[in-house]
Amino acid sequence: MLGLHYTRRTLYNATTSERVTIDTNLASEATSGARSEPIGTAVVVEVKSALWLGETVRFVRGQGLRPLSFSKYCTAVAALHPEADQRLRRAALREYSLRP
């Protein structure tokens with residue numbers, strides 16, 4: 001079993017119907033008691049919009065950030081279990097120049 005903990009903030013723009021979730025303090029814990037911060041101090045931002053290239057996505061891209069397929073759960077498993085497939089976690093860390 002794996003416990004996954006994070007702090008979530010949600011922003012909603014009623015005019016554009018865009019929703020942005022911002023997850024911080026991502027931490028995981030195995031039943032063995034092992035703990036991990038799988039992406040360090042990075043922040044996970046998810047944008048949901050009816051438009052493919054909505055206002056928020058244009059702003060984020062304007063800041064030089066690109067979308068990345070990312071699973072908090074898979075990243076947490078990889079951080080706690082070195083024998084597990086590390087490719088997704090490494091790709092996320094490399095993409096944003098983070099250290100494991």
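Helices (H or I, at least four residues) and strands (E, at least two) are DSSP runs, numbered from the N terminus. The model is predicted: local features need pLDDT of at least 70, side-chain atom pairs count only at pLDDT 80 or more, and totals for chains, interfaces and linings use all residues. Residues are numbered from 1 along each chain as its sequence is written, and side-chain values use heavy atoms, with hydrogens and water left out.

The mean pLDDT (the predictor's confidence in each residue, from 0 to 100) of the protein chain is 83, and 93% of its residues reach 70 or more. Strand β1 (residues 2-13) has the highest confidence, at a mean of 92, and helix α3 (residues 87-95) the lowest, at 72.

Strands β1 and β2 pair in the antiparallel sense over 11 bridges; pairing requires that DSSP finds at least two bridges between two strands. H5 has A27 in β2 as its bridge partner.

D23 lies in strand β2. D23 is buried (under 20% relative accessible area; exposed is over 50% and partly exposed in between, with a 1.4 Å probe and protein chains only), at a relative accessible area of 4%. Polar contacts are pairs of N or O atoms within 3.5 Å; within protein, one must be able to donate a hydrogen and the other to accept it, and residues adjacent in sequence count only if both atoms are side-chain atoms. The side chain of D23 makes such contacts with the side chains of R8 (2.8 Å) and K72 (2.9 Å).

E18 is also placed in strand β2 (residues 18-30). The side chain of E18 makes a polar contact with that of T16 (3.2 Å).
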